[in-house]
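Student: Hi! I've just opened this one on my screen. Could you walk me through it?

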Amino acid sequence: MGDVLPRTYETQNCSIARSLEIVGDRWTMLIIRSAFEGVRRFDDYQEVLGVARNVLTDRLGRLCDEGIVRKVRYQERPDRYEYRLTRKGVELWPAMMSLLLWGDRHYADEGPPVIITHRGCGGRLTTTLTCDSCGASLGPTEIEPVPGPGA
């Protein structure tokens, strides 16, 4: 019988493996994507993603523990919280956009479901995270997602 991959990457001395330990499952990446789209509240995450409450609770707790999101109270009696990206979380934006563009190139048969445009001029995000029209470097606050042909 062949080698079986361990359930964790902890034995590997590799930054990619260590990063995957934190953000490498489907729900975590989709939670982070939703946070970039402005989702902040537990019920909204659940509605947008269709994720089970226990899974969402676990993933948000892990993201808080890792300092990728922070829990901020927005209501008292009863206490209610929002989950906001931290600086560490915002630093995942280039990786998220690179995955999005890679998926568009290789798996969007009907065209991209979402096109990332530059708020300033309407140009499109490139693989170098710049605007294809004006050349500006783009970050999460300079972009506007719009429905694409595969929407």
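Student: Where is the place of Arg 77?
Tutor: Arg 77 sits in the loop between strand 1 and strand 2. Strands here are DSSP runs of E of at least two residues, and helices are runs of H or I of at least four, numbered from the N terminus. This is a predicted model: local features need pLDDT of at least 70, side-chain atom pairs count only at pLDDT 80 or more, and totals for chains, interfaces and linings use all residues. Residues are numbered from 1 along each chain as its sequence is written, and side-chain values use heavy atoms, with hydrogens and water left out.

Student: Thanks! What is phi of Arg 77 near?
Tutor: Phi is near 50 degrees, a positive value in a residue other than glycine. Most residues other than glycine have a negative phi, and most peptide bonds are trans. The bond from Arg 77 to Pro 78 is cis, with omega near -5 degrees. Pro 78 is also in the loop between strand 1 (69-75) and strand 2 (80-85).

Student: How many helices and strands does the protein have?
Tutor: There are six helices and four strands. From the N terminus on, the order is α-α-α-α-β-β-α-α-β-β.

Student: And what pLDDT does the protein average?
Tutor: The average is 93, and 93% of the residues score at least 70; pLDDT is the predictor's confidence in each residue, from 0 to 100.

Student: New topic: at what angle do helix 2 and helix 4 pack?
Tutor: Helix 2 (residues 26-36) and helix 4 (residues 53-65) pack at about 70 degrees, with their axes 10 Å apart. The two are therefore roughly perpendicular, a label for angles of 65 to 115 degrees.

Student: Which residues make the contact?
Tutor: Helix 2 brings Trp 27, Thr 28, Ile 31 and Ile 32, while helix 4 brings Val 55, Leu 56, Arg 59, Leu 60 and Leu 63. Contact means heavy atoms within 4.5 Å.

Student: How much space lies in the largest pocket?
Tutor: About 690 Å³. A pocket is an open set of points on a 1 Å grid where a 1.4 Å probe fits, with protein on both sides within 12 Å along at least five of seven lines; lining residues have an atom within 4 Å of a point.

Student: Which residues are closest to its centre?
Tutor: Of the 23 lining residues, Arg 33, Phe 36, Glu 37, Met 97 and Leu 100 are the closest. Helix 6 gives the most to the lining, with six residues.

Methods:
Axes fitted to C-alpha atoms, helices over the stretch in contact; angles between N-to-C directions. Parallel < 35°, antiparallel > 145°, perpendicular 65-115°, else oblique. Points joined across faces, edges and corners; volume = space filled by probe spheres on them.
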